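Here are my notes on the model. Please read them with the structure open.

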Amino acid sequence: MSTDDDSSAPILMYARKRYCPDVERARAVLKEYGLPWTGFDVESDAEALPRMHAPTGRKNVPTLLIGSTVLVEPSGDEIDTALKSAGFLQRAR
């Protein structure tokens with residue numbers, strides 16, 4: 001099951017609950033592959049924004065950590081590439 005509340009998921013997504021087309025695209029890609037992720041709302045979680053900012057120096061959402069890859073406002077193709085590189089698509093349905 002895909003969810004942004006799976007604390008055991010090795011994919012991290014820093015996002016917000018308010019509508020954002022880039023966030024919706026990232027969530028849709030992960031759901032399409034049936035991959036769980038751990039989600040952090042940077043607007044309601046005071047600790048999430050500094051954690052997101054640390055590896056990128058940026059405050060844009062979504063920021064995804066997939067394996068050793070950090071993506072900021074990625075396209076669907078960039079997410080696919082990172083998932084393949086990290087070996088997640090082998091586990092997808």
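1. One aromatic pair is counted, where rings of Phe, Tyr and Trp (its six-membered ring) pair if their centres lie within 6.5 Å. The pair is Y14 and F40, stacked, at 4.9 Å centre to centre and 20 degrees between the planes. Planes under 30 degrees apart count as stacked, over 60 as edge-to-face and the rest as tilted. Y14 sits in strand β1 (residues 11-15) and F40 in strand β2 (residues 38-41), 26 residues apart.

2. This is a predicted model: local features need pLDDT of at least 70, side-chain atom pairs count only at pLDDT 80 or more, and totals for chains, interfaces and linings use all residues. Residues are numbered from 1 along each chain as its sequence is written, and side-chain values use heavy atoms, with hydrogens and water left out.

3. R51 lies over its face, 4.6 Å from the ring centre. The rule asks for NZ of Lys or CZ of Arg within 6 Å of the ring centre and within 35 degrees of the ring normal.

4. Y14 is buried, at 4% relative accessible area. Buried means under 20%, exposed over 50%, partly exposed in between (1.4 Å probe, protein chains only).

5. The largest nonpolar core holds 23 residues, and I11, L30, I66 and L83 touch the most other members. Such a core is a set of buried Ala, Val, Leu, Ile, Met, Phe, Trp, Tyr and Cys residues joined through side-chain atoms within 4.5 Å.

6. The protein chain has 3 helices and 4 strands, in the order β-α-β-α-β-β-α. Helices (H or I, at least four residues) and strands (E, at least two) are DSSP runs, numbered from the N terminus.
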